[in-house]
Amino acid sequence: SIVRPPNWQNGPNVGGSFLVMLRPGGAFQANVNVRAQVHNGTPLDQIGNELKSALPKVLANANIQFHEDGPTTIDGKAAYYLVYSMTPPGKAPEVKIIQYLIANGSGQKAFIITFTDLASNFDNNRAQFDQAAQSVQVD
């Protein structure tokens, strides 16, 4: 489970997400989406390094910039976070993203929680994103 940021609403589940939340208002809606997959036992920091290597290749025209990353703990489980910004090709404006990877153990579910906001708003809303991430309870 995850505690929804205040005033956010459920959104349509797209792209393999089983939970999507949107902040109402504006041309761009900040959003949270949650995905789950089986964890193969790869250490989370290694997955983070693989993401940092793969994202600029997969999104070659998005001008990805990495800002911070590192280990953390969520619901007593090992977790890893990665903060980066990008400008989607042909789509202004720049967005900033924080992803949390939470592992429940090899062969168990791993959760990817992604918070996306306009880069210009991200720092003002970061505490809300971190608070929602820390509210996660992994089954």
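## Starting from N125

Leaving out residues up to four places away in sequence, N125 touches R23 and D117, where contact means heavy atoms within 4.5 Å. N125 is part of helix α2, which covers residues 119-134, and with a relative accessibility of 16% N125 counts as buried; here buried means under 20% relative accessible area, exposed means over 50%, and partly exposed lies in between, as found with a 1.4 Å probe and protein chains only.

The model is a predicted one, in which local features need pLDDT of at least 70 and side-chain atom pairs count only at pLDDT 80 or more, while totals for chains, interfaces and linings use all residues. Residues are numbered from 1 along each chain as its sequence is written, and side-chain values use heavy atoms, with hydrogens and water left out.

## The overall fold

The protein has two helices and seven strands, and from the N terminus on its elements follow the order β-β-β-α-β-β-β-β-α. Helices (H or I, at least four residues) and strands (E, at least two) are DSSP runs, numbered from the N terminus. The radius of gyration of the protein is 15 Å, close to the 14 Å that the globule rule gives for 139 residues, so the protein is as compact as a globular protein of that length. This radius is taken over C-alpha atoms, and the globule rule is 2.2 Å times the number of residues to the power 0.38.

Along its principal axes, the C-alpha trace of the protein spans about 40 × 35 × 25 Å. Of the 139 residues in the protein, 42% are buried, and among the contacts between residues at least 6 apart in sequence, 44% join residues at least 24 apart. The accessible surface comes to about 7400 Å², of which 49% belongs to carbon and sulfur atoms; this area comes from the Shrake-Rupley method with a 1.4 Å probe.

## Aromatic pairs

A search of the whole structure finds seven aromatic pairs. Rings of Phe, Tyr and Trp (its six-membered ring) pair if their centres lie within 6.5 Å, and planes under 30 degrees apart count as stacked, over 60 as edge-to-face and the rest as tilted. One of the pairs is formed by F18 and F111, whose ring centres are 6.4 Å apart and whose planes stand at 70°, so the pair is edge-to-face. F18 lies in the loop between β1 (9-10) and β2 (19-22), whereas F111 lies in strand β7 (residues 109-118), so the pair ties together parts that are 93 residues apart in sequence. F18 is partly exposed at 45% relative accessibility, but F111 is buried, with a relative accessible area of 12%.

The rings of Y100 and F115 have their centres 6.1 Å apart and their planes at 85°, so this pair is edge-to-face. Y100 belongs to strand β6 (residues 95-103) and F115 to strand β7, so the pair ties together parts that are 15 residues apart in sequence. Y100 is buried, with a relative accessible area of 5%, and F115 is buried at 0% relative accessibility. Both Y100 and F115 belong to one aromatic cluster, which also holds W8, Y81, F122 and F129.

## Two residues with positive phi

Most residues other than glycine have a negative phi. In N63, however, phi is near 50°, a positive value in a residue other than glycine. N63 sits in the loop between α1 (44-58) and β4 (65-74) and is partly exposed, with a relative accessible area of 48%.

D75 likewise has a positive phi, near 55°. The place of D75 is in the loop between β4 and β5 (77-86), and at 32% relative accessibility D75 counts as partly exposed.

G11 is found in the loop between β1 and β2 and is buried, with a relative accessible area of 17%. Leaving aside neighbours within four places in sequence, G11 is in contact with V20, M21 and L22, while the C-alpha atoms of G11 and N63, which are 52 residues apart along the chain, are separated by 27 Å.

F28 is found in the loop between β2 and β3 (31-38) and is partly exposed at 27% relative accessibility. With neighbours within four places in sequence again left aside, F28 is in contact with V95, T116, D117 and L118. F28 and V95 are 67 residues apart in sequence, and their C-alpha atoms are 9.8 Å apart in space.
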